[in-house]
Amino acid sequence: MAWTVSGLYVINFIDIFDATQLAIDMSLTSHKFALYNNTETPNYSTETAFSATNEVFGTGWATGGVALSAAASGGGSTSPTNTESPAGSYTYDMADVAVSGTTLTNARGTKLYADALAGNNLIIGIDFDADFSTNNGIFGIQWAATGVFAIDITP
């Protein structure tokens with residue numbers, strides 16, 4: 001199988017809200033983006049932690065990924081924002097990602113994970129819908145104008 005859809009890692013979000021009280025601080029810039037090839041098949045219902053299996057890395061993009069603090073587009077900030085936007089919805093957003101000087105082959109998706117936690121807990125997986133490579137170039141991710149993701153909390 002392969003990447004087919006983007007999504008949130010459900011078990012970790014349940015653990016944030018239940019008695020486990022998983023302490024994922026959604027405002028940290030130490031979260032990391034790890035890239036994966038199209039052999040990777042994310043399972044948003046069962047996966048909980050970063051894994052190096054099927055990871056894409058190379059010049060400018062280390063094994064284990066790149067921290068948000070080092071991935072800012074045009075010198076902007078990748079400090080995540082947590083807002084109510086639109087009304088009744090939680091929105092997670094940040095500046096676009098642009099890492100220069102990368103040489104990578106066939107990155108098909110990325111997983112954002114909480115590197116500061118001992119469990120390297122997964123937050124979100126993003127399917128790029130195609131393979132992307134760079135040769136001493138910029139690897140970028142442009143987020144939707146509406147944010148990285150939003151959850152409608154009102155019924």
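Ring pairs tie Phe13, Tyr90, Tyr92 and Phe149 into a cluster, where rings of Phe, Tyr and Trp (its six-membered ring) pair if their centres lie within 6.5 Å. Keep in mind that this is a predicted model: local features need pLDDT of at least 70 and side-chain atom pairs count only at pLDDT 80 or more, while totals for chains, interfaces and linings use all residues. Residues are numbered from 1 along each chain as its sequence is written, and side-chain values use heavy atoms, with hydrogens and water left out. Helices (H or I, at least four residues) and strands (E, at least two) are DSSP runs, numbered from the N terminus.

**Aromatic rings**

- The structure holds nine aromatic pairs; planes under 30 degrees apart count as stacked, over 60 as edge-to-face and the rest as tilted.
- Take Phe13 and Phe149: their ring centres are 6.3 Å apart and their planes sit at 90°, so this pair is edge-to-face.
- That pair links distant parts of the chain, with Phe13 in helix α1 and Phe149 in strand β9 (residues 149-152), 136 residues apart.
- Both Phe13 and Phe149 are buried, and here buried means under 20% relative accessible area, exposed over 50%, and partly exposed in between (1.4 Å probe, protein chains only).
- Phe50 and Tyr113 are stacked, because their ring centres lie 4.6 Å apart with the planes at 20°.
- Phe50 is in the loop between β2 and β3 (55-56) and Tyr113 is in strand β7 (residues 97-114), so the pair ties together parts that are 63 residues apart in sequence.
- Both Phe50 and Tyr113 are buried.
- Over at Tyr36, the charged end of Lys111 sits over the ring, 4.7 Å from its centre; the test is NZ of Lys or CZ of Arg within 6 Å of the ring centre and within 35 degrees of the ring normal.

- His31 lies in the loop between α1 (10-17) and β2 (32-36), and is buried with a relative accessible area of 1%.
- A polar atom of the His31 side chain lies 2.8 Å from the backbone oxygen of Asp25. That makes a polar contact, meaning a pair of N or O atoms within 3.5 Å; within protein, one must be able to donate a hydrogen and the other to accept it, and residues adjacent in sequence count only if both atoms are side-chain atoms.
- Leaving aside neighbours within four places in sequence, the contacts of His31 (heavy atoms within 4.5 Å) include Asp25, Val66, Tyr92, Tyr113 and Ile123.
- Gly65 is in the loop between β3 and β4 (66-67), and is also buried, with a relative accessible area of 8%.
- Not counting residues up to four places away in sequence, Gly65 touches Lys32, Phe33, Ala34 and Glu55.
- The C-alpha atoms of Gly65 and Met26 are separated by 17 Å, and the two residues are 39 apart along the chain.

**β2 and its partners**

- Four of the five residues of β2 are buried, so the strand is largely enclosed by the rest of the structure.
- Five bridges join β2 to β7, running antiparallel; two strands pair if DSSP finds at least two bridges between them.
- β2 also pairs antiparallel with β4 over two bridges, and two bridges join β2 to β3, again antiparallel.
- Lys32 stands opposite Ala67 in β4 and opposite Tyr113 in β7.
- The bridge partner of Leu35 in β3 is Val56.

**The β5-β6-β9 sheet**

- Three strands form an open sheet in the order β5-β6-β9, with antiparallel pairing.
- The edge strands are β5 (81-84) and β9, each of which pairs on one side only.
- Strand β6 (residues 89-93) is joined to β9 by four bridges, and Ser89 stands opposite Asp152 in β9.

- Ser85 and Pro86 are joined by a cis peptide bond, with omega about -10°; Pro86 lies in the loop between β5 and β6.
- Asn54 has a phi near 70°, a positive value in a residue other than glycine. Asn54 is found in the loop between β2 and β3 and is partly exposed, at a relative accessible area of 23%.
- Asn136 has a positive phi too, near 50°. Asn136 is in strand β8 (residues 121-141) and is exposed, with a relative accessible area of 59%.
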